[in-house]
Amino acid sequence: MSEFWLYVKLGFSHVLDWNAYDHILFLIVLTVGYTFDNWKRILLLVSLFTLGHTISLFLATYNVVSVNSRLVEFLIPVTILVTAIFNVLTSKSGSKNSKVGVLYGATIFFGLIHGLGFSSYFKAISSNVSAKILPLLEFALGIELSQIIVVIIVVLIGFIAQTFFRFSKRDWILIVSSIVIGMVIPMLIANKIW
């Protein structure tokens with residue numbers, strides 16, 4: 001049982017590590033346009049993201065896929081940038097509903113990319129374990145739990161900004177997405193592959 005909690009805690013703390021805040025930035029731009037009324041869609045998006053990165057983490061752990069880590073470190077901020085730009089372009093209320101299938105597909109795909117970013121870390125912490133499937137699932141559970149906490153905080157801050165500070169939903173999405181874009185551009189430059 002203690003090994004179960006070990007991998008759950010490692011997954012949990014890996015997302016909430018301030019030195020690796022790219023995962024948090026992605027969750028922010030993924031969910032900034034939603035409210036507590038949209039909890040089912042939020043949970044589905046977060047779970048699809050977890051599914052995507054669990055699949056790629058599994059494939060990388062069992063050496064089915066191998067991708068250059070520099071490429072992955074570049075693609076992760078690209079996923080954040082694309083999602084933030086999507087928010088800016090669809091910030092009018094209701095626009096996201098018509099593009100929901102694209103959003104779900106992109107979320108899984110972006111999860112695959114983020115999972116490849118987790119793979120070297122997971123391989124290092126599970127190197128002395130022969131059967132890696134259970135630790136991998138426990139690690140994914142920790143990631144999912146931490147993502148839910150991040151999303152609750154994002155939605156709560158959005159609620160406060162829109163209710164008490166009278167930001168319109170559109171303005172809130174534009175402000176947050178623009179701030180994230182400003183944070184991601186230096187990450188792209190630092191991780192450039194050319």
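Modeller: A residue is called buried when its relative accessible area is under 20%, and exposed when that area is over 50%. The model shown here is a predicted one. Leaving aside residues up to four places away in sequence, V32 touches N87, V154, W172, I173, V176 and S177. The C-alpha atom of V32 is separated by 9.5 Å from that of L174, although the two residues are 142 places apart along the chain.

The helix to examine is α2, which spans residues 22–31. Two of its packing partners will be described in turn. In general, a pair of packed helices is described by the angle between the axes and the distance between them.

Consider α4 to begin with. The axes of α2 and α4 are 9 Å apart and form an angle of about 20°. Angles under 35 degrees count as roughly parallel, and α2 and α4 are therefore roughly parallel to each other. Their crossing is left-handed. On the α2 side the contact is made by D22, L25, F26, V29 and L30, and on the α4 side by I76, T79, I80, T83, A84 and N87. By residue type, this contact of α2 with α4 comprises 7 nonpolar, 3 polar and 1 charged.

The crossing of α2 with α7 is right-handed. From α2, the residues H23, I24, L27, I28 and T31 meet I143, Q147, V150, V151, V154 and V155 of α7. The contact of α2 with α7 divides into 8 nonpolar residues, 3 polar and no charged.

V155 is found in helix α7 and is buried, since its relative accessible area is 5%. Apart from residues up to four places away in sequence, V155 touches T31, Y34, T35, F36 and I42. Its C-alpha atom is separated by 17 Å from that of F49, which is 106 residues away along the chain.

A further helix, α8, belongs to these surroundings. α8 has 22 residues and reaches 32 Å from its first C-alpha to its last, close to the 32 Å expected at 1.5 Å a residue. Its buried residues are W172, I173, L174, V176, S177, V180, I181, V184, M187 and L188. What covers them includes α2, α4 and α7. Among the residues of α8 listed as buried, W172, I173, V176 and S177 are also touched by V32.

Most residues other than glycine have a negative phi. N63, which is not a glycine, has a positive phi of about 55°. N63 is found in the loop between α3 and α4, and with a relative accessible area of 60% it is exposed. R166, likewise not a glycine, has a positive phi of about 60°. R166 lies in the loop between α7 and α8, and its relative accessible area of 68% makes it exposed.

Note on methods. Residues are numbered from 1 along each chain as its sequence is written. This is a predicted model: local features need pLDDT of at least 70, side-chain atom pairs count only at pLDDT 80 or more; totals for chains, interfaces and linings use all residues. Side-chain values use heavy atoms; hydrogens and water are left out. Helices (H or I, at least four residues) and strands (E, at least two) are DSSP runs, numbered from the N terminus. Buried means under 20% relative accessible area, exposed over 50%, partly exposed in between (1.4 Å probe, protein chains only). The expected span of a helix is 1.5 Å times one less than its number of residues. Contact means heavy atoms within 4.5 Å. Axes are lines fitted to C-alpha atoms, for helices over the stretch in contact, and angles run from 0 to 180 degrees between N-to-C directions. Angles under 35 degrees count as roughly parallel, over 145 as roughly antiparallel, 65 to 115 as roughly perpendicular and the rest as oblique. A crossing is left-handed if the near helix is turned anticlockwise from the far one by less than a right angle, and right-handed if clockwise. Ala, Val, Leu, Ile, Met, Phe, Trp, Tyr, Cys and Pro count as nonpolar, Asp, Glu, Lys and Arg as charged, and the others, Gly among them, as polar.
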